[in-house]
Amino acid sequence: MSILTILEFPDDRLRKIATCVEVIDAARSTLIDDMFETMYESNGIGLAATQIDFHEQIIVMDVSEDKDAPFCFVNPEIIEQEGVDVSEEGCLSVPGFFEKVERAKKVVVSALNRDGEAFECSAEGMLAICIQHEMDHLNGKLFVDYLSPLKRQRIKKKLEKIHKTYRSRNN
């Protein structure tokens, strides 16, 4: 397994829309393992393939405290949603920023697991938030898109400055 590079806002590759996975082969199975390792190493609770510049519909997550309840969703689709909840979100692709975002309180998701078997998952709380957040990535959307244009622009400028400083120090 290996740690993958996570794209950071405002990288345009985060805006690509992921395509459906046609087959879960050995390469995708390895990718899923690498995504889990990358997510855990980065202290995240979810990671979409788009965030590592692989544009197929694959999501991994683990919202448990002990990091012992991994979920993998391939070609996920929200088939039911209910209620409204507002909570603070962060993102591995927008490091260091946390903002309140409105999401559905409960969702039911249909997907394939890492073995290609169809399943449905009913989720609420942090798991529901994480599913919606990661599915947004598959559609080229980031949590900052839910913010006001002014907040989004401030975050973009701060991250661009950090990236520029990092590049100048490493060249």
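G46 stands opposite M61 in β2. This pair belongs to a predicted model, in which local features need pLDDT of at least 70 and side-chain atom pairs count only at pLDDT 80 or more, while totals for chains, interfaces and linings use all residues. Residues are numbered from 1 along each chain as its sequence is written, and side-chain values use heavy atoms, with hydrogens and water left out. Helices (H or I, at least four residues) and strands (E, at least two) are DSSP runs, numbered from the N terminus. Two strands pair if DSSP finds at least two bridges between them.

The protein has three helices and seven strands. From the N terminus on, the order of elements is α-β-β-β-β-β-β-β-α-α. The radius of gyration is taken over C-alpha atoms, and the globule rule is 2.2 Å times the number of residues to the power 0.38. For 171 residues, a compact globule would have a radius near 16 Å; the protein has 16 Å, so the two agree. Along the principal axes, the C-alpha atoms fill a box of roughly 45 × 40 × 30 Å.

Contact means heavy atoms within 4.5 Å. Among contacts between residues at least 6 apart in sequence, 65% join residues at least 24 apart.

Five strands form an open sheet in the order β1-β2-β3-β6-β7, with antiparallel pairing. β1 (46-48) and β7 (118-124) stand at the edges. Each has a single partner strand, so one side of each is left without a neighbour in the sheet. From one strand to the next, the twist averages 40°. Helix α1 (residues 26-41) packs on the sheet and touches β1, β2 and β3. The direction of α1 makes about 40° with that of β2. Axes here are lines fitted to C-alpha atoms, for helices over the stretch in contact, and angles run from 0 to 180 degrees between N-to-C directions.

Strand β2 has β1 and β3 as partners. β1 and β2 pair in the antiparallel sense over three bridges. Four bridges join β2 (residues 58-61) to β3 (residues 71-82), and these strands also run antiparallel. Across this second pairing, V60 stands opposite C72, and I58 stands opposite V74.

The loop between β2 and β3 holds S64. S64 is buried, with a relative accessible area of 17%. Its side chain reaches the backbone nitrogen of K67 at 3.0 Å. Such a polar contact is a pair of N or O atoms within 3.5 Å; within protein, one must be able to donate a hydrogen and the other to accept it, and residues adjacent in sequence count only if both atoms are side-chain atoms.

Strand β5 (residues 94-103) includes E99. E99 counts as buried at 19% relative accessibility. The side chains of E99 and K151 are joined by a polar contact of 3.1 Å. Not counting residues up to four places away in sequence, E99 touches S87, E88, E89, F143, L147, K151 and I155. P95 also has its place in β5. At 30% relative accessibility, P95 is partly exposed. Leaving aside neighbours within four places in sequence, P95 is in contact with E8 and L159. The C-alpha atoms of P95 and I162 are separated by 11 Å, although these residues are 67 apart along the chain.

Most residues other than glycine have a negative phi, and most peptide bonds are trans. The peptide bond from F9 to P10 is cis, with omega near 15°. P10 lies in the segment before α1. N43 is not a glycine, yet has a positive phi of about 60°. N43 lies in the loop between α1 and β1 and counts as exposed, at 70% relative accessibility. D53, also not a glycine, has a positive phi of about 65°. D53 is found in the loop between β1 and β2 and is partly exposed, with a relative accessible area of 32%.

Definitions and conventions:
Buried means under 20% relative accessible area, exposed over 50%, partly exposed in between (1.4 Å probe, protein chains only).
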